[in-house]
Amino acid sequence: MIHFSPYKKFYYGCKNGFLPAIKQAVEQDNINPSIENNVGIKFAYHNKYYDVLKYLIDLSSVKRNLTDEDLQKYIKLLK
């Protein structure tokens with residue numbers, strides 16, 4: 001992981017359900033987790049990575065870029 005760019009870390013983590021990579025990219029590398037129309041949350045949703053989905057939904061920058069319909073869909077999956 002150490003050789004990945006911050007955005008590659010984020011994409012890798014979202015595609016593979018690897019939360020530590022996502023947290024490092026967001027919290028230490030300060031990437032925007034809502035990049036590309038919230039692609040990270042879409043990866044997590046389609047692959048059923050619930051811990052990643054929960055983490056991303058809790059980020060205000062992600063949440064404010066979701067439609068109400070999408071937010072409800074993601075929350076419903078977590079219940």
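Modeller: A charge sits over a ring if NZ of Lys or CZ of Arg is within 6 Å of the ring centre and within 35 degrees of the ring normal. In this predicted model, K8 lies over the face of F4, at 5.2 Å from the ring centre.

Biologist: What makes K73 a residue that lies over the face of Y45?

Modeller: K73 is 4.8 Å from the ring centre of Y45, and the limit is within 6 Å.

Biologist: Why is the pair of Y12 and F18 called edge-to-face?

Modeller: The ring centres are 6.4 Å apart and the planes stand at 75°. Centres within 6.5 Å make a pair, and planes over 60 degrees apart count as edge-to-face; the rings of Y12 and F18 are therefore an edge-to-face pair. Ring pairs also join F4 to Y12 and F18 in a cluster.

Biologist: How do you know that D29 and K9 form a salt bridge?

Modeller: Their closest N and O atoms are 2.7 Å apart, and the criterion is within 4 Å. The bridge links distant parts of the chain, with K9 in helix α1 and D29 in the loop between α2 and α3.

Biologist: What makes D70 and K73 a salt bridge?

Modeller: The N to O distance is 3.5 Å, against a limit of within 4 Å. Both residues lie in helix α6, three residues apart, about one turn of the helix.

Notes:
Residues numbered from 1 in each chain as written. Predicted model: local features only at pLDDT ≥ 70, side-chain atom pairs only at ≥ 80, totals over all residues. Heavy atoms only, no water. Phe/Tyr/Trp six-rings, centres within 6.5 Å; stacked < 30°, edge-to-face > 60°. Salt bridge = Lys/Arg side-chain N within 4 Å of Asp/Glu carboxyl O. Helix = DSSP H or I, 4+ residues; strand = E, 2+ residues; numbered from the N terminus.
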